[in-house]
Structures are given as structure tokens and as C-alpha cells.
Amino acid sequence: MTDTPARIHAAFAEAGVTGWLHALDIDSGAQIDAGADQPACTASVHKLCLLVALHELAAEGGLDLAEQIECPPAGRTAGPTGLAAMLDPVRMSLRDAGYLMMAVSDNAAADLLLRRVGLDAVNHAMNRLGLTRTHAVHTFGELFATIREDAGPGGARALTDPHVITRLRALDPARTNRSTPRDMTHLLGAVWRDEACTPEHGAAIRRVLGLQVWPHRMASGFPFDDVHVAGKTGSLPTLRNEVGVAEYPDGGRYAVAVFTRTANTAATLPAADAVIGTAARIAVDALRARQ
Amino acid sequence: MDLVRHLECFVAVAEQSHFGRAAEHLGMAQPPLSQRIQRLERELGVRLFERTSRQVTITEAGTLLLAGARELLAGHEEFMATARRIRDGETGLLRAALSPDIADETVAAVLADFPRRQAGPELELHELSTAQQLARFASHDLDVGVIHHPCDVTGLELGPVLRRELGVLLPRGAAAAALDEVPLASLTEYDLILFPRSHAPALYDDLLTTCARNGYTPAAVRHGQGAGFVRGLILSAGAVAFGPYDAQPADVRDRDTENGSGVIWRPLAGAPLAWRHSVAWPKGRGDAAVSAFAAAATHALRTTAGARADAPQRPLHLRPASEYWL
């Protein structure tokens, strides 16, 4: 049992990444700690915090999830998916924007919701849940603006230069949206135990987390039809994260948070994506062996 | 009261929400941990945790103090590191490293050039792999070094990234040996000899990916590093290896030497493969001596190893799962 963190770190090294993981048995409280308190840049993982804050506001009556929002093409936050990739005006409900934000990591949908909810409300919601090391300092549009600025005239191509990577503010947890693996499993545990919101809102959050389309990270570690995996990824140059929950048919539920940095600056690295699943599985197997 | 030690206990219990696990984390027994928390609470006049028979939860007051405790601990660590650095600086020592593949001529050039750029500090030069250098940066046992990319550059400052182009080592009698430049795709009938993957998984994968992208997917990859072992495999086992020009002995570099070892080095067409180096040092710990070493090593790599600035030439197609767009 004690060698589980060593096995996890060996799997990270084998895949050419540095990684930090925390896994939590949602019902017993048993944990696996492989760098659980490492401050890490959240990137799109912070969309989970935004979703929880959105539902808290709705539960308090501060907004109606069916409320319609306008998304004109001009001024949309850039991104390769969802509203961020669409060309024409869109009108949709807050909760459908929330679905796009979680299912395909839609940056435009996330910033529309952030404009409605506010960064302060997101931080306040996380503090209230006892997440002392989770903090958002900018919107997704502002986050990408720092990358554009730090990358300089070379644009996206400059992001394969290690020299450029070392100066990106977006990769420094002290200067961007941040959390720790332990804070994220704490949040997922609260959502799954209906402690973060009312059961009705908890179920809505769990539903969209289960609709994420990406198969290449955490889900790849659980190639079992009878295991349900829900999660949210986060990615930036050299940074690959996912936080999620694996649910087994015997009732076992495990929250896992994995944050990694790749050695290679290349954008396409399938092994680095897959090791998030490998590491999560090592942790969940170890937690299940304890029962 | 040793405040630092007590604050370490406070933070550990806050993070683990459990005395037993916190004690395990700290490598101490539970009773002295409980006593320390109680003593800290008495000293501060603040209750930090609510304890029930099964659970420990941090109080509102504890939450307010936690961030400050973490800052104090980080400050303490930084303070001790600075003291170590000043102590070592007083002894006038710069602890520097080069990776084992740097050729003798380059090493000699660095050693000769450094004192010209920075009189005073003595240069203690080590031969260390990139992984060893990163570990020593983290433990404050190394000031500066020449590393290989790709590697995790978190927390580092870098000098310019330089490319040392790789050529292919093949039998003199091979058809491709007669070419001025060898296309990777012409090596398909040969196995490849490479360093063991565990030494640098990211670099290993990067080399094989670049080979595949350029039409060379070896049927087998054999692992070896020693010059004699590698040459033996090239001569008798239908295999080739890669290496930079500057690291080859004269008889391997020169096509016209008849009494050579039977192995010849040829450049690769389009120079698709390279070792990529830069000088690296921990963020915020650069000083005049580090800058002088960086300048000396960069200059030596340029002049003795033919290293050139690394400019990304290839197009980059981000896929939707990248989640960002510039």
C-alpha cells in the first residue's frame, strides 16, 4: 500500500511528465497522496468551480438557470470548441451554456457565465466549501491574453520553445487561476455527497460532468463499461490536468485530481494524456484494495 | 517554542484533516503532534481545530491563520536556502554541470573561458545528466548547468536553446554512406541503436516520433550507449545510431580515412534530428557568476560544437482537445 505514490510517480516519469495526484474514497475518506498539496495551475479545470458557483447562486435565488443569454459573434472568447468555434449569433439558457462549458470545455460559454456570476462569487463559493488554496484571478479570455502577450510575435508556434514556456505567467500558479489536487477532490467529494449544493443542483452538476466528451485522459484508465467516469480536463502548453470521479457498480465512488506538466513542449502527446488515466486507475485500485 | 516546527504541524493537520495521517506525513508519532497543536493553540490564544471522536475540522480562526502559516514556512525555506547560498558564495564556489554527451573540446573551452569572464569564483564542474541536474537544482546543490530538452522546465530560467544537429553512424560499406546527406527514409532496412528509454523518456519518444514523421520506423530499437558497443552493433548487426559531429573521433568523421574503424558519420538530409541544449538555473537564483557561466557555455557550444539557435520551423496544428486557441 505504501508504494502506491511511488508507482504513480514512476508512471508519470515513464510518460515523460511531472505529475501530482490526490485520490479520495468519497464515502470512507481514505486517500492516496502523491503530491496532493502541490499548487497547480487549473486552466479549464476552473470551469468546475464556476459551475458549482453558478448552481449555488441559482439555489439562493440569485439567478434562474433557464434564463436566456445572448452570445453575439463579436467579442467571443477564442477556443476550438462550442460557442467559441461558432460563427453566428446564439441565444441559449445559462444551464445549456454550462453544459457546453463542461462537455467540450467551451471558452466562450465559460466567459459568458463568468460575466453573469463574477470571479468574486466563484472564489467566495470555493472558500465557503473550505477550499483554502483554490483561487481565480482572471477570466478565460484574460488568461489567453497573457499567453498571447508572453508568447510574443511568434504566436502559437513560439509555444514549443522551452525558453518561451519558462516565461508564461499562465503556467505560474502564483500568477494565474490555481488550486491543489487535494482541494479539487474535496470539491468533488462535496458535490457527490450533496454537501456543495442541494441534491437537485448536485445532480445537475454531476450530470454535466458525466457528459464530457474527451476519452483520452482520466476515462482512458477505466476501460470498463460498468464504471462511470465524470470529469473536467484542463490544458495549456505543457500542462495537462483532469479532475473527476469514477463510480463502480458496487457503490464505490472515488474522486481523483491529476495535474501534470510535460517535459516535451509539443502539443500532440498521446502518452501524456493517457497517463492521467493510468495514474488515476493505480490510485483507485489501491483505494478499492483497502476496503 | 520552535514556531516553524509547530506551524508545520498546524499545516499538516489542516491538510490531512486527521491527526494520524498528519503524524504519518510528518514522520512523527501522534501524541507529540497533538501536544504541539495544543501548545500552539495556547501560545496563540486561538482554537485552531474542532476535534470530535472521529474527525478534525479546522475552525474559522484556523482558516484565517492557515495562509499566513504557509507563507511563513515558505519564507523560512527560502531564507535557509539564501543562507546556504551566501555561505557557499563566500567560499567563492560556483557549482556547475555539463551533460555527459558534451565533447572534450567544449568542456575544455568552458573551463578556459569562464575565468576570463568572471574572475573570483572557483568553478566546480560536474558531469551530470539532465535528470540529475534538475534534482540538484531542487535540493539547492547545483547553481547552473547545461541541460537537454525536452525536460520539465518548471521553476527554471533558461539561456537560449541551441541545436546540435545529429548525423547517422553507419557501416562504411552501406549504400547510404556514399551520400553527402542521408535521408532518414533511406534507413528503413536498419534497426536503430538508442540510449535506454528510462534515461530520458521524453527525449527518446521525441526522437522516435521525428524519425517516424520523416519516414523511418525501425523494425527494432536496440539499447546501447558505450562507443565500443554501439560500433560493434553497427558493424555486425545491421543497425545504425545517431550522434552529433563534434562527439565523433576523427576516423569516424572523415570519409576519406581508409584505416578507420569501419563506421562512418554522415549528416542527415534536412537536419531533422538534434540534441537541444540550453543553460539553465533555478528561477531567481541567477547572479554574476551564473551569467558568466551561461555566456561561456553558450559560446563554447556555438564555437566548438557547431550549435545554432533553435527556431521552430514546423507548422503547429492545435487540435480541439488542446482547449486553447491563440
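Predicted model: local features only at pLDDT ≥ 70, side-chain atom pairs only at ≥ 80, totals over all residues.

Biologist: Which residues in α10(B) are buried?

Modeller: Quite a list: Ala289(B), Val290(B), Ala292(B), Phe293(B), Ala294(B), Ala296(B), Ala297(B), Ala300(B) and Leu301(B).

Biologist: And what do the buried residues of α10(B) pack against?

Modeller: Parts of chain B itself: the helix α5 (104-117), plus the strands β3 (93-98), β5 (144-149), β7 (162-171) and β12 (274-282).

Biologist: What follows α10(B)?

Modeller: Gly306(B) does, and its phi is positive, near 60 degrees.

Biologist: Zooming out, how is chain B divided into domains?

Modeller: Domain 1 covers 3-87 and domain 2 covers 94-310. Their C-alpha centres lie 46 Å apart.

Biologist: OK, new topic. How many residues of chain B are in contact with chain A?

Modeller: 31 of them, meeting 39 residues of chain A. On the chain B side, α4 (60-90), β6 (156-158) and α7 (201-213) each supply at least two residues.

Biologist: Which element gives the most to that side of chain B?

Modeller: That's α7(B), with four residues.

Biologist: How do the residues on that side divide into nonpolar, polar and charged?

Modeller: On the side of chain B that touches chain A, 19 are nonpolar, five polar and seven charged.

Methods: Residues numbered from 1 in each chain as written. Chains lettered and ligands numbered in written order. Domains from an automatic or database assignment. Buried ≥ 20, exposed ≤ 12 C-beta atoms within 10 Å, placed from the backbone. Contact = placed C-beta atoms within 7 Å. Nonpolar A, V, L, I, M, F, W, Y, C, P; charged D, E, K, R; others polar.
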